[in-house]
Amino acid sequence: MAVKSAQLPNPTEAAGKTFAAFYEREYDRAVRLAWLLTGSLAAAEDVVQDAMTGVYRAFGRIDAPRAYLHRAVVNRARSRARDERRQREKVTMLEQRVRLDPGDADLLTLIARLPYRQRVVIVTRYWGGWSEQEIARALRCRPGTVKSLASRALARLRTEVQP
Amino acid sequence: MTDPFEARLQRALDHAARQLEVPTIPWREPARSGRRRPRLERLGPPAGAAVAVIVVVLAVAVIGHRHPVSGAAAPNPLAHAPAAAFQPPLTPPELNLILAAYRRVAADHRDCRGLSGPELTQGTPSSRVRSLFSTLRGPPTPDGRLRQVLENERGPALIPGAEFYVNQIHRARTAFGGTFYLIPAGNITGQRGVPARCQAEQVTALKARLARAKASVRARVLAAQRRYLAYMRYLALHPEGVCAAWLGPGVGNAANLMCGAMANFERWGIMADASSALNGTPVFWTVVPDVVSTVTLRFVPGGTPLRHPVTITVRPLGNVVVAVVPHGRFGSRGSWADQFPATIVLRDRGGQLVRRTTVTPNMPTLCGFGC
């Protein structure tokens with residue numbers, strides 16, 4: 001039986017729709033994650049758009065697009081974090097964007113000053129709720145390293161936070 | 001989680017992230033990788049070869065741009081373009097004299113102004129323009145605020161006589177809290193054809209002005225005027241281009257508007273090596289066609305605060321490239337010179353070289369034309 005080609009689903013369109021739904025679902029949270037990592041909303045939007053483009057291109061080939069997106073955001077945010085100028089502006093920008101209690105603001109400032117991998121561990125573990133395995137995959141290290149990074153970051157934060 | 005410190009950590013992060021207002025940006029499908037895109041080398045003959053780049057910065061931002069001079073490693077489709085296609089280098093005194101002659105003639109003959117025309121129109125870009133920029137192939141995404149800026153600032157403050165297709169505004173990407181838009185333009189310079197006698201009148205007016213000048217000065221300035229008038233004729237014949245605007249996040253924020261003729265893209269692959277400050281951050285930004293997948297900028301010491309060369313590679317998003325200038329000293333010397341990369345390398349998806357441009361210090365710049 002001949003089937004009109006118009007009745008067949010267009011794989012590209014179908015993938016596009018699925019991705020559009022994925023984008024709508026994940027965009028907001030991904031921006032928040034990138035913002036916590038970079039300290040700048042503008043940078044966060046850039047990072048996520050860039051990461052989303054990467055996910056889009058690989059969408060048909062990857063099993064876990066969400067994890068892929070998370071890894072892409074963490075890796076791209078790392079490049080951003082290398083920019084010292086942004087690092088200097090980070091604290092100010094965090095405070096400009098949201099109203100925080102003074103205690104929370106201090107804590108976030110300290111988190112923003114952590115080395116990048118320690119910051120990723122703190123943000124993804126305590127805000128993102130990621131498992132050690134997920135963090136390890138994003139950072140391309142072993143779970144043991146994640147434990148060590150978390151331990152060092154917490155120790156540093158505890159030391160620096162005013163009682 | 002029993003540890004009170006960890007609980008506090010979680011609460012602080014939750015609280016901050018929850019308060020953040022994330023602007024909604026709809027998904028725009030990027031160009032498909034399988035699609036055959038026109039390489040710059042495959043473009044048609046260099047019909048539009050004008051190098052007309054105009055940087056207009058509205059509100060509080062500052063003007064800055066310069067034209068790259070290419071040392072093309074890839075075949076250059078405009079290698080044999082007429083010299084008139086590109087902005088000639090003129091000294092400020094030369095330009096002042098030439099413009100004075102123009103104003104003198106335009107005052108006496110209205111049809112010699114060549115700048116009248118609708119600034120905002122409902123036209124559509126040519127297929128040639130749309131084939132180069134995937135952002136322009138999607139549905140328009142007009143922004144009322146941008147349109148308001150264009151409408152309010154039109155006239156001499158903007159580009160008199162330029163013709164923006166305001167129903168074809170396309171959102172390209174966000175950066176530094178603002179949004180970039182692409183706006184195709186039927187005429188980016190405002191230059192329109194004028195009767196042939198007008199240029200002869202301008203030559204006569206300049207000769208009269210230089211009547212008592214030294215013969216060598218007179219010859220030099222008249223030669224400069226010939227090059228300038230040839231360039232103006234070329235602009236009038238090949239006016240089409242693309243403009244890009246960055247609109248800051250709030251009312252009263254700076255807006256950048258930059259336009260480039262199609263010749264810019266065909267010869268150099270970019271609109272211009274423009275630099276600016278977006279939300280206070282010094283950046284290099286420009287527009288590239290779909291064929292460009294990566295843009296590598298090399299900043300070198302010498303005229304910059306850098307001690308060592310710095311190379312940055314960025315990917316365009318929505319045809320717009322934005323890179324933070326590494327030394328980040330925008331405006332600190334009152335000069336834009338240290339903002340510019342020494343070389344700009346464009347590559348396609350396969351890593352093949354599209355264009356390599358060497359930015360030379362003696363290139364013609366807008367400021368070289370009188371600012």
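The link of C112(B) and C198(B) is left-handed, with -80° about the S-S bond. Its sulfur atoms lie 2.0 Å apart; a disulfide is a pair of cysteine sulfur atoms within 2.5 Å. C112(B) sits in the loop between α2 (92–108) and β3 (120–121) of chain B, and C198(B) in helix α6 of chain B, so the pair ties together parts 86 residues apart in sequence. The structure holds one disulfide over all chains.

The model is predicted: local features need pLDDT of at least 70, side-chain atom pairs count only at pLDDT 80 or more, and totals for chains, interfaces and linings use all residues. Side-chain values use heavy atoms, without hydrogens and water, and residues are numbered from 1 along each chain.

C112(B) is buried, with a relative accessible area of 2%. C198(B) is buried at 0%. Buried means under 20% relative accessible area (1.4 Å probe, protein chains only). In chain A, C141(A) also counts as buried, at 19%.

Helix α6 (residues 196–209) of chain B packs on helix α7 (residues 215–237) of chain B at about 160°, with axes 11 Å apart. Helices are DSSP runs (H or I, at least four residues). Axes are lines fitted to C-alpha atoms over the stretch in contact, and angles run from 0 to 180 degrees between N-to-C directions. α6(B) and α7(B) are therefore roughly antiparallel (angles over 145 degrees). The contact (heavy atoms within 4.5 Å) includes V203(B) and L206(B) of α6(B) and L222(B) and L229(B) of α7(B). By class, it has six nonpolar, three polar and three charged residues.

How values were computed. Chains are lettered from A and ligands numbered from 1 in the order in which they are written. Helices (H or I, at least four residues) and strands (E, at least two) are DSSP runs, numbered from the N terminus. Angles under 35 degrees count as roughly parallel, over 145 as roughly antiparallel, 65 to 115 as roughly perpendicular and the rest as oblique. Ala, Val, Leu, Ile, Met, Phe, Trp, Tyr, Cys and Pro count as nonpolar, Asp, Glu, Lys and Arg as charged, and the others, Gly among them, as polar. Buried means under 20% relative accessible area, exposed over 50%, partly exposed in between (1.4 Å probe, protein chains only).
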